[in-house]
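Please find below my notes on this model. Have the coordinates open as you read.

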Amino acid sequence: MKIIGSYPKTRLRRLRKSPWMRNLVSENNISSNDLILPIFVREGKNKVEKIRSMPGINRYSIDKLPLILNQVKKYKIPMVAIFPNTPNFKKDELGSEALNPNNLVCRSLRLIKKRFPKIGTMCDVALDPYTSHGHDGIIIKNKIDNDETIKILKKQALLQAKMGCDVIAPSDMMDGRVGAIRKALDNEKFFDISILSYAVKYASNFYGPFREAVGSRSKLKKDKKTYQMDYRNTFDSFREVGFDLKEGADMIIVKPGMFYLDIIQKIKNNFSVPIIAYQVSGEYSLLKNAIQKKILNPDSAIESILSFKRAGACAIISYFAIDIAKIIKSN
Ligand code: PBG
């Protein structure tokens, strides 16, 4: 890139002298349209339960979901992602509860579609909230079995589609699952349901608080490194995105977010597909803790979200979504 001009003829501070001037020349902006809020649901009635590992975030029983959905509506957040905290007694080796039409996710979808029809819904396709071992797939001969897992994932995706899910988000990292899910959806004429693939998902240490939120952390004996990506790699992410696009993904996720801005930018430069960044639980909790303790000021959340836009993401999945939307509205 060519740098033109020099001091004193050019003074870069001229474009920074007032808020209106800075707004005029800003290259990136964040609006509530760019935010996706993850929501945790639990069993029971009249429950709004704090999550120890995620300050400011709760698990809601289905009857209490309107509390948070009213906020989503008020602050014009376009889509929510539903994550279940499945009770232990419903977990098994095969994650069977994933296919129960009355599981937490299905009940949440029905409530949202009925009472908040304008809010978009996104659901993970993966078995970890439902398995007794906390893995995203099923274990056969001591391995997470790719092809047998896909058979279940297809059914899980179809069930979510039938319940009114708008965006199916496979987060399991099995090879070939996007193609299999697209085919299953098309066979049932769900042509308009989109697939947002967690194409680039690293085996990260920053998912810890989320795993506590859904209750899979204490179950998980080993890490997920045989299926999630190695964080030392970049090329792998191109292959993942390329395959998923060929298989029919409409949008892709890069996850985690803040430590992977280089990956977002490189994918942006190499593929024409909407990229959604996931600012994951560990990233959120670090920042939120510091904000609550007044070590950082609240605008640091905005700065973190804006960095995803600069890198090339069109939207961000973030536990800060409501906090950010509030700040935007008050400005
Ligand atoms: C499950 C899933 C995970 C996250 C989203 N979907 C955890 C994992 O893969 O272990 C992490 C989200 C977060 O940390 O905020 N497949």
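This is a predicted model: local features need pLDDT of at least 70, side-chain atom pairs count only at pLDDT 80 or more; totals for chains, interfaces and linings use all residues.

1. Strand 9. Start with strand 9, residues 194–201. Eight of its eight residues are buried, so the strand is largely enclosed by the rest of the structure. Strand 8 (residues 167–170) runs parallel to strand 9, and two bridges join them. Isoleucine 168 has isoleucine 195 of strand 9 as its bridge partner. Between these strands the chain passes through helix 5 (residues 177–187), and this β-α-β crossover is right-handed.

2. Strand 10. Strand 9 is also joined to strand 10 (residues 251–255), by four bridges, and the two run parallel. Here leucine 196 is partnered with methionine 251 of strand 10.

3. Helix 11. Which residues of helix 11 are buried? They are Ala321, Ile322, Ile324, Ala325 and Ile327, in a helix that spans residues 321–330. Their cover includes strand 1 (35–42), helix 2 (65–74), helix 10 (299–311) and strand 12 (315–318).

4. The whole structure holds 16 salt bridges. One of them pairs aspartate 34 with lysine 309, with the closest N and O atoms 3.0 Å apart. The pair links distant parts of the chain, 275 residues apart: aspartate 34 is in the loop between helix 1 (19–25) and strand 1, and lysine 309 is in helix 10. Both aspartate 34 and lysine 309 are buried.

5. Glutamate 43 and arginine 107. These two form a salt bridge, with 2.7 Å between the closest N and O atoms. Glutamate 43 is in the loop between strand 1 and strand 2 (48–50) and arginine 107 is in helix 3 (residues 104–115), so the pair ties together parts 64 residues apart in sequence. Arginine 107 is partly exposed, at 24% relative accessible area.

6. Aspartate 186 meets arginine 182 in a salt bridge (3.0 Å, N to O). Why are they separated by about one helical turn? Because they are four residues apart in helix 5. An α-helix has 3.6 residues a turn, so residues three or four places apart point the same way. Aspartate 186 is partly exposed, with a relative accessible area of 28%. Arginine 182 is buried, at 11%.

7. A network. Salt bridges also link Arg42, Glu49 and Arg59 in a network.

8. Nonpolar surface. Leu15, Trp20, Leu24 and Val25 make a nonpolar surface patch of about 440 Å². Tryptophan 20 belongs to helix 1. Its relative accessible area is 55%, so tryptophan 20 counts as exposed.

9. Cis peptide bonds. Check the bond between tyrosine 7 and proline 8: it is cis, with omega about 10°. Proline 8 sits in the segment before helix 1. The bond from lysine 255 to proline 256 is cis too, with omega near -10°. Proline 256 is in the loop between strand 10 and helix 8 (261–270).

10. Positive phi. Lysine 189 is not a glycine, yet its phi is positive, about 65°. This lysine 189 is in the loop between helix 5 and strand 9. It is exposed, with a relative accessible area of 63%. Lysine 294 also has a positive phi, about 60°, without being a glycine. Its place is the loop between helix 9 (281–292) and helix 10. Lysine 294 is exposed, at 74% relative accessibility.

Methods:
Residues are numbered from 1 along each chain as its sequence is written. Side-chain values use heavy atoms; hydrogens and water are left out. Buried means under 20% relative accessible area, exposed over 50%, partly exposed in between (1.4 Å probe, protein chains only). Contact means heavy atoms within 4.5 Å. Two strands pair if DSSP finds at least two bridges between them. A crossover is right-handed if, with the strands pointing away from the viewer, the path from the first strand over the helix to the second runs clockwise. A salt bridge is a side-chain nitrogen of Lys or Arg within 4 Å of a carboxyl oxygen of Asp or Glu. Patches are made of residues with over 30% relative accessible area and no salt bridge: like charges are joined within 9 Å, nonpolar side chains (Val, Leu, Ile, Met, Phe, Trp, Tyr) within 5 Å. Accessible areas come from the Shrake-Rupley method with a 1.4 Å probe; for residues, only the protein chains shown count as cover.
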